[in-house]
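Dear colleague,

Please find below the sequence and structure that I am handing over to you. My notes on the findings follow.

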Amino acid sequence: MRLETRCARAGCLSAEEAGANAPLVPSIAQSAVFALDKAADAEAIFSGSRFGYAYTRFGNPTVDLLAEVLAGLEGGAGALVTSSGNAAILCAVTCAMSGRSGPLVTHPDIYGGSYELLRILGEVYRLPVEIVESADEAAWLRAVARAGAVLLETPSNPLMRLIDLEKTIAAAHSQGAPVIVDNTVATPCNQRPFDFGADWIVHSTTKYLNGHGDVVGGCLIRREPLEKNHRAIHKNFGGTVNALTAWLTLRGLRTFALRMEAHHRNASALADWLAARPEVAAVHYPGFRTHPQGDVFQRQMKAGGGLLSFELRGGEEAATRLIDRLRLIVHAVSLGEPETLITLPARSSHRGMTPEARRQAGVPDSLLRLAAGLESSADLVADLEQAMSSAAAY
Ligand code: PLP
């Protein structure tokens, strides 16, 4: 089935599977525990000789349904659903690094929360982490080739820099290092990391996949079937979800493919409009005419998606003035919601990084990140226009 069909039918049983007169929408198994029946049944379930549910942290029918849909969307063999995108990254890094020596190689312009998570893992658990600038491709590929595992994000958030998946994965695999791709920003609509050989994909399902801003969640998806150890890490870390959260995400997924077209349409229109304004110094959007990595974009992305960032000539002061004057566009973190959202990453999502780390990552204090929502692009442009025009000092 194609992606659009998988989305439209997310979690639904076929008429054949469901039987006559059955509900099309899956039910919500909102229960922490499941009856174990006879002692012999409990023995079979806990020994693993027979599959059965016992406790929602170990497994739940609604959550498993979501995992199956997510794995199918990315073309993976198995998925684990987590309580947030950060929990997914923690689980994926632990799965990928288990049994491996060598550092976890990543780049400085990953999502600020991932950056902080790795800093904590390094400080508390002595996880060896090597942060290498991916724009220096030779240095990046050298580091990747001697990595224990690789965590990368392309396009990066908020700079929209791209990393060549084919070259990076080939270099990592030359020494057997698994590669984790955070595909939250690109989404399976616009980028297919498993086609390039990635081993794991992680998502913050909080964003485009759920798409309604009412759930925090995540997932990790494996190209190969999941192993016992992966399930043990997931279950014992404990960042799992209840059935209701999984069900809401399944409902959001039913319109995911359709919503991505609208997010992309709005982001493209806004990038065009911003680039033509004299107040704007730079627009960062994958696939855009000013984006310096058009060749990488052509090779690995289908469309630019819904996220962009830009800088004003008036710097940070002009950026804060713009935010304060907007009426329709909401000043809020996150992305992939029906509402268009704007932030200053240096003051919000990337605040946990030191100014030095932000400088190394190339995130200027004046950078504005705009997550295009589903409104009319004409209304969004009108809002940006009134906010820019009412501030003469840009
Ligand atoms: N990865 C990316 C690219 C993100 O933008 C975010 C959150 O903004 C995360 C991971 C973390 O997701 P969550 O907030 O669901 O933990």
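**Domains and their interface**

In this predicted model, the chain is divided into domain 1, residues 3-253, and domain 2, residues 256-392. Their C-alpha centres lie 27 Å apart, and the contact takes 43 residues from domain 1 and 39 residues from domain 2.

Together the two domains bury about 3400 Å², of which 60% is on carbon and sulfur atoms. On the domain 1 side, Leu162, Asn190 and Tyr208 supply 23% of the area buried against domain 2, more than any other three residues.

As to polar interactions, 13 residue pairs are in polar contact between the domains. The helices α1 (3-8), α6 (112-125), α9 (187-190) and α11 (243-253) each supply at least two residues of the side of domain 1 that touches domain 2. The interface has 1 salt bridge. Asp164 and Arg299 meet through their side chains in a salt bridge, at 2.5 Å from N to O.

**The sheet and its helices**

There is also an open sheet of 7 strands, with mixed pairing and the order β1-β7-β6-β5-β4-β2-β3. Its edge strands, β1 (78-82) and β3 (129-131), each pair on one side only. Neighbouring strands are turned by 20° against each other on average, direction ignored.

Within the sheet, β2 (104-106) pairs with β4 (149-153) in the parallel sense over 2 bridges, and Val105 stands opposite Val150 of β4. Helix α10 (228-237) packs on the sheet, where α10 touches β1, β6 and β7; its direction makes about 10° with that of β1. Helix α5 (85-97) lies across β1, β2, β4, β5, β6 and β7, running at about 165° to β6.

With kind regards

Key:
Residues numbered from 1 in each chain as written. Predicted model: local features only at pLDDT ≥ 70, side-chain atom pairs only at ≥ 80, totals over all residues. Heavy atoms only, no water. Pairing = 2+ DSSP bridges. Helix = DSSP H or I, 4+ residues; strand = E, 2+ residues; numbered from the N terminus. Axes fitted to C-alpha atoms, helices over the stretch in contact; angles between N-to-C directions. Contact = heavy atoms within 4.5 Å. Domains from an automatic or database assignment. Buried area = accessible area lost by both parts, 1.4 Å probe. Salt bridge = Lys/Arg side-chain N within 4 Å of Asp/Glu carboxyl O. Polar contact = N/O pair within 3.5 Å; in protein donor to acceptor, adjacent residues only side chain to side chain.
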